[in-house]
Amino acid sequence: MAPPPSTYMSSESWWGKEEQRGTPVVVKMDSPYLVEIDGPGMAAAEKARGKNAKQFTWVLLLRAHRAVGCVAWLAAGFWALLGAVNRRVRRSRDADAEPDAEASGRGRAMLGFLRAFLVLSLAMLAFETVAYLKGWHFPQQLPERYLRQLPEHLQHLPEHLRHLPEHLRMPEKQEIEGWLHRAYVAWLAFRTDYIAWAIQKLSSFCIALFMVQSVDRIVLCLGCFWIKLRGIKPRADTSISMTTADVESGDSGDGGYFPMVLIQMPMCNEKEVYETSISHVCQIDWPRERMLVQVLDDSDDEACQMLIKAEVTKWSQRGVNIIYRHRLSRTGYKAGNLKSAMSCDYVQDYEFVAIFDADFQPNPDFLKLTVPHFKGNPELGLVQARWSFVNKDENLLTRLQNINLCFHFEVEQQVNGVYLGFFGFNGTAGVWRVKALEDSGGWMERTTVEDMDIAVRAHLNGWKFIFLNDVKVLCELPESYQAYRKQQHRWHSGPMQLFRLCLPAVFKSKISMWKKANLVMLFFLLRKLILPFYSFTLFCVILPLTMFVPEAELPIWVICYVPVIMSVLNILPAPKSFPFVIPYLLFENTMSVTKFNAMVSGLFQLGSSYEWVVTKKAGRTSSESDILSLAEADARSSPPPPTKLVRGVSEGGLKEWGRLKEHEEWAKLQQEKKEQDVSSSPAPATPVKKSKAAKAPNRIFKKELALAFLLLTAATRSLLSAQGLHFYFLLFQGVTFLAVGLDLIGEQVS
């Protein structure tokens, strides 16, 4: 397309000369973002001379047009984001308002505190913005003539408060007029005398705790590195190499070690995972007359009870020693369930008890890899296996959980098991010596972390633990933030309950002072209490405050360098997750709100500190190849059951399924009757349409949203003082809180 005639300009029209020099210059504008200045036949020097003021004006105008287009695009994107947030909030359901939400009274108190903090921050931001526009700022070094202009109580500023950010100035004496400036000077006086000092002391205390916890983390990593370097791991007696067929045939030999093992499977309304977990447990390779499976069902859903009964009946007809137990009352939650099962008379015939939660899928060789460690080791009370996750790559939330749990098992559990012989029992995928449970007082219902409770009491009684990092049991991670949030609340509230209850017993026990110090200082205080306290206080309270109180400034290494180094150390056991190191750091700071809330709840017995909410599961299973290999191994190891047993399985299953079908049909008839009653009643003339099942509404989390806006407000304030790194950290941390508060963290990603 040829350019318009007005774009053909000669040198005469530009320079006012009579003669023309060179070839006319053509400015092509086919694209608003592309400017091509072409002069065929012109020499390089002539082209350089031909670039005159109007050409540069065109270029600058086009670049300005492009910049305006970018700004408009950013503004449109920001407006679309606000619209999406508005729509999501309008059709969402507040998670904190549900009956099963955590500690309604305590949660409202904390939310009120955060809202007040946010309103105060917005007011301070407006006030500081006005002061900034008027130029009421301090220089980097306050001269004496400026100090003499201040009120008397401000003339003797400490030396560290005289060094303030650059490009700021002290207001002149003639400017000290008007109520706004007088209020600002009064605010500076109050801020310097009271707020800055308090924030500085609190931040110094949190930084000290941060460094102590970082040193502990580094020591654990060094211990794990030494274990890997030297190949240190627990060794079991290999004399259990006989096959199950040899034992069943009576040829036990001299080295066979097949003690009586009880397998317990506590579950509650586990519709999604019960079938897979029972199937895996029943296929464990162990002499069937020396193994008993207890399915401990606390379900209050009759349909779920019938389904689990049908599954138990099926495996019972296949020759597996399996029984179904159901309690009428769910007293004590999981601890009460296990305590009730251990009170059975036949339990005294079993030497060991293995525990698997409803979503765990042990391999057939699990008992052969764990039980031999007890042989010849009478002081050993627990053998704990590691967890592995079938859905670790399902979404961003599961990826971040995988980083945390990989560090917990490979570093914390393994190092403590090798060097101390003690760690917290994980509640599942472990084998206990029954005598150790009995000597320690058995399962207690006093906390929501019954696994940690029994582990601490067993440690105080002198029992030792072994962690097997090479033995992995598949399980499932919570895929929604709501489920993960409730799980973390229980995991951080329970230890504080236990700390209050067992502290006197720790000091009265006969274990060494080193073990007592490790139990109190490291196991409870440092890793369970100090970590959520300083993380929430330092990054969610003090850091935003320092934007409004610049006299109390956090060093850059506290905000950036040390947290990044610690995150890299955390991610080393899961090297494939290294691209998620920054999201992991931001998400852990976000979770500090829930952890701190739970820690305070458990420590002071507030709200629902004793509430137990079953973690929602999606029913993920191992890969198809793993299932097929298990089926082939089962077919090779055991002969097919008799026809009579197979027939019995069908009859038992059909009976349970028949009862379930009758229940569903009755519910369907009741629903149809209700719809007929509605249609027969007086109603508008418009026909009643049957609507599809409504999709569960999205959730919002008010505390996370309040902190998101607080951090974004502090990020805006940091722009006034030109604190670059602080601004970026606050911005990204605020966006992370916003994403979590709108329940976007658990959304599916490719």
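**View A. Helix 14 against helix 16 in the predicted model.** Helix 14, spanning residues 450-460, and helix 16, spanning residues 513-548, have axes that come within 11 Å and cross at roughly 160 degrees. Because angles over 145 degrees count as roughly antiparallel, helix 14 is roughly antiparallel to helix 16, and the crossing of these two helices is right-handed. Helix 14 contributes Met-452, Val-456, His-459 and Leu-460 to the contact, while helix 16 contributes Lys-515, Leu-519, Phe-523, Phe-524 and Lys-528. Sorted by class, the residues of this contact comprise six nonpolar, one polar and two charged.

View B. A polar atom of the Gln-414 side chain lies 2.7 Å from the backbone oxygen of Glu-410. When residues up to four places away in sequence are not counted, Gln-414 touches Cys-224, Ile-227, Lys-228, Phe-409, Phe-467 and Asn-469.

**View C. Helix 17 against helix 18.** The axes of helix 17 (residues 556-571) and helix 18 (residues 581-603) come within 9 Å and cross at roughly 110 degrees, which means that helix 17 is roughly perpendicular to helix 18. On the side of helix 17 the contact is made by Pro-563, Val-564, Ser-567, Val-568, Asn-570 and Ile-571, and on the side of helix 18 by Val-581, Tyr-584 and Leu-585. Seven nonpolar and two polar residues make up this contact of helix 17 with helix 18, with no charged residues.

Note on methods
Residues numbered from 1 in each chain as written. Predicted model: local features only at pLDDT ≥ 70, side-chain atom pairs only at ≥ 80, totals over all residues. Heavy atoms only, no water. Axes fitted to C-alpha atoms, helices over the stretch in contact; angles between N-to-C directions. Helix = DSSP H or I, 4+ residues; strand = E, 2+ residues; numbered from the N terminus. Parallel < 35°, antiparallel > 145°, perpendicular 65-115°, else oblique. Left-handed = near helix turned anticlockwise from the far one by under 90°. Contact = heavy atoms within 4.5 Å. Nonpolar A, V, L, I, M, F, W, Y, C, P; charged D, E, K, R; others polar. Polar contact = N/O pair within 3.5 Å; in protein donor to acceptor, adjacent residues only side chain to side chain.
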